[in-house]
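Could you walk me through how this fold holds together on the inside? I'd like to go from the overall layout down to single side chains.

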Amino acid sequence: MPYVDAEDRNVTHLMWSMRNALLGEASRGQNMVFHFRFRNVPSRDHKLRQWWMILRDGEVDLCYTDMGFDVDLAIEADLLDFFRVLHGSKSLRQARRAGEVEISGGADALDYFMERFGITEPPQPHFVTVSDIVPPPSIRTSRALGQVVL
């Protein structure tokens, strides 16, 4: 079983890994917005506590500023507990009962989210990783839009 500790709390890596997992054919035709709000983010990332993941016809955009789109799925979570759920070392059901992960939104959006990220009950250990083929992008900020861009 993977071990995830407090040193693994890199919210930017997490979000880019999740973005990469949604790219391509499997997300074509999906138009959804996921809003993430994380607690216990390391102080170095204090401005990155909130993210919006916008899926539009196979494209996935990440923003840390609200662009005004209607949200289909909102997730508020302790960052480390969310890592553990995504990696399959913690049950989403148990994390929700304990108040470590809170999810609101439509059933279709939740089903899509759980399927694409391999979240199962009982949990199955796996890792969410950035592709080995393309190195993680250098990230810079568009000041006008507040978006993370390549």
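Predicted model: local features only at pLDDT ≥ 70, side-chain atom pairs only at ≥ 80, totals over all residues.

Here is a tour that starts with the chain as a whole and then moves into the core.

The chain has four helices and seven strands. Going along the sequence, they come in the order α-β-β-β-β-α-α-β-α-β-β. Of the chain's 150 residues, 41% count as buried. If you take the contacts between residues at least 6 apart in sequence, 70% of them join residues at least 24 apart.

Now for the inside. In soluble globular proteins, nonpolar side chains tend to be buried together. In this model, the largest nonpolar core has 36 residues. The residues with the most contacts inside that core are M18, F34, F36, F38, M53, F82 and F113. Helix α1 supplies the largest share of the core, with six residues.

So let's look at helix α1 and its packing. Two packed helices are described by the angle between their axes and the distance between the axes. For helix α1 (residues 11-22) against helix α2 (residues 79-87), the angle is about 35 degrees and the axes are 11 Å apart. The crossing of α1 and α2 is left-handed. On the α1 side, the contact is made by V11, L14 and M18, while α2 brings in L79, F82, F83 and L86. Sort the residues of this contact by type and you get seven nonpolar, no polar and no charged.

Helix α2 also holds H87. Is H87 buried or exposed? With a relative accessibility of 8%, H87 counts as buried, because the cut-off for that label is under 20%. The C-alpha atoms of H87 and P123 are 8.6 Å from each other, although 36 residues separate the two along the chain.

Next, the rings. The structure holds eight aromatic pairs. One of them is formed by F36 and F113, a tilted pair with 6.2 Å from centre to centre and 45 degrees between the planes. F36 sits in strand β1 (residues 31-39) and F113 in helix α4 (residues 107-116), so this pair ties together parts that are 77 residues apart in sequence. Both F36 and F113 are buried. Stepping back, ring pairs link F34, F36, F38, F82, F113 and F117 into a cluster. F82 of that cluster is also part of the α2 side of the helix contact.

Which residues does F38 touch, not counting residues up to four places away in sequence? The list is V11, L14, M15, R49, W51, A77, L79 and F82. Among them, V11 and L14 belong to the α1 side of the helix contact, and L79 and F82 to the α2 side.

The buried residues in α4 include A109, L110, Y112, F113 and M114. Just after α4, G118 takes a positive phi of about 65 degrees.

Note on methods
Residues numbered from 1 in each chain as written. Heavy atoms only, no water. Phe/Tyr/Trp six-rings, centres within 6.5 Å; stacked < 30°, edge-to-face > 60°. Helix = DSSP H or I, 4+ residues; strand = E, 2+ residues; numbered from the N terminus. Buried < 20%, exposed > 50% of the residue type's maximum accessible area, 1.4 Å probe, protein only. Axes fitted to C-alpha atoms, helices over the stretch in contact; angles between N-to-C directions. Left-handed = near helix turned anticlockwise from the far one by under 90°. Contact = heavy atoms within 4.5 Å. Nonpolar A, V, L, I, M, F, W, Y, C, P; charged D, E, K, R; others polar. Core = buried A, V, L, I, M, F, W, Y, C linked by side-chain atoms within 4.5 Å.
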